[in-house]
Amino acid sequence: MTYRILLLDDEPAICEITSILLKKLGYDAVITSKGEDSIEVYRAALNQDARFDVVILDLSVPGGLGGKEVIAALLEMDPKVKALVSSGDANDPAVSRFRDFGFTGVLMKPYTKAVLDETIKKVINSE
């Protein structure tokens with residue numbers, strides 16, 4: 001079984017590198033750079049009964065919807081969504097109290113291939 005991952009990040013280099021890592025790890029990845037696009041891609045996947053197993057959301061997206069806003073919208077659509085907040089700022093409340101914001105886990109930047117895989121598997125196997 002191939003797990004489907006949706007990644008939101010506004011940094012083109014992070015999108016490119018993470019896309020490569022996810023593919024090498026055997027995941028089917030969809031990459032978005034805007035929160036609004038992430039919400040639409042998720043909605044379309046739900047409507048096609050092809051839901052994402054994990055969503056990785058960058059906390060801050062300049063000029064658009066970031067992780068906190070996107071997870072709120074996704075939870076309205078799908079209360080069972082499993083999402084990781086991705087950030088380099090460990091002091092942000094959405095990182096330190098991720099569950100309060102509706103996230104399932106945290107993926108701190110910068111991350112390695114091994115940490116990416118381990119964190120995704122932990123979320124997939126969580127209830």
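This is a predicted model: local features need pLDDT of at least 70, side-chain atom pairs count only at pLDDT 80 or more; totals for chains, interfaces and linings use all residues.
## A buried aspartate

Where does D58 sit? Its place is in strand β3 (helices are DSSP runs of H or I with at least four residues, strands are runs of E with at least two, and both are numbered from the N terminus). Setting aside neighbours within four places in sequence, D58 is in contact with L8, D9, D10, G66, G67, S86 and K109 (contact means heavy atoms within 4.5 Å).

D9 lies in the loop between β1 and α1 (12–24). Is D9 buried or exposed? At 0% relative accessibility, D9 counts as buried.

The side chain of D9 makes a polar contact of 2.8 Å with the side chain of K109, and it reaches the backbone nitrogen of E11 at 2.9 Å. Beyond its neighbours within four places in sequence, D9 is in contact with I14, C15, T32, S33, D58 and K109.

## Salt bridges

How many salt bridges does a search of the whole structure find? The search finds eight, a salt bridge being a side-chain nitrogen of Lys or Arg within 4 Å of a carboxyl oxygen of Asp or Glu. One of them pairs D28 with R4, with the closest N and O atoms 3.7 Å apart. D28 belongs to strand β2 (residues 28–32) and R4 to strand β1 (residues 4–8), so this pair ties together parts that are 24 residues apart in sequence. D28 counts as partly exposed, at 36% relative accessibility.

Another salt bridge links R51 to D78, and here the closest N and O atoms are 2.1 Å apart. R51 is in the loop between α2 (35–47) and β3 (54–58), and D78 is in the loop between α3 (67–77) and β4 (83–87), so the pair ties together parts that are 27 residues apart in sequence. R51 is partly exposed at 34% relative accessibility, whereas D78 is buried at 7%.

## Within a helix, and a network

D117 forms a salt bridge with K121, the closest N and O atoms being 3.0 Å apart. Both are in helix α5 (residues 113–124), and because they are four residues apart, about one helical turn separates D117 from K121. D117 is buried, with a relative accessible area of 14%, while K121 is partly exposed at 42%. Elsewhere, salt bridges that share partners join D9, D58 and K109 into one network.

## How α2 and α3 pack

Two packed helices are described by the angle between their axes and the distance between the axes. For α2 and α3, the angle is about 15 degrees and the axes are 10 Å apart. Axes are lines fitted to C-alpha atoms, for helices over the stretch in contact, and angles run from 0 to 180 degrees between N-to-C directions. The two helices α2 and α3 are therefore roughly parallel to each other (angles under 35 degrees count as roughly parallel, over 145 as roughly antiparallel, 65 to 115 as roughly perpendicular and the rest as oblique). The contact is made by G35, S38, I39, Y42, R43 and L46 of α2, together with V70, A73, L74 and M77 of α3.

## Backbone details to look at

K109 and P110 are joined by a cis peptide bond, with omega about -10 degrees. P110 is placed in the loop between β5 (105–108) and α5.

D49 has a positive phi of about 55 degrees although it is not a glycine. This residue, D49, is in the loop between α2 and β3, and it is exposed, with a relative accessible area of 73%.

How values were computed. Residues are numbered from 1 along each chain as its sequence is written. Side-chain values use heavy atoms; hydrogens and water are left out. Buried means under 20% relative accessible area, exposed over 50%, partly exposed in between (1.4 Å probe, protein chains only). A polar contact is a pair of N or O atoms within 3.5 Å; within protein, one must be able to donate a hydrogen and the other to accept it, and residues adjacent in sequence count only if both atoms are side-chain atoms.
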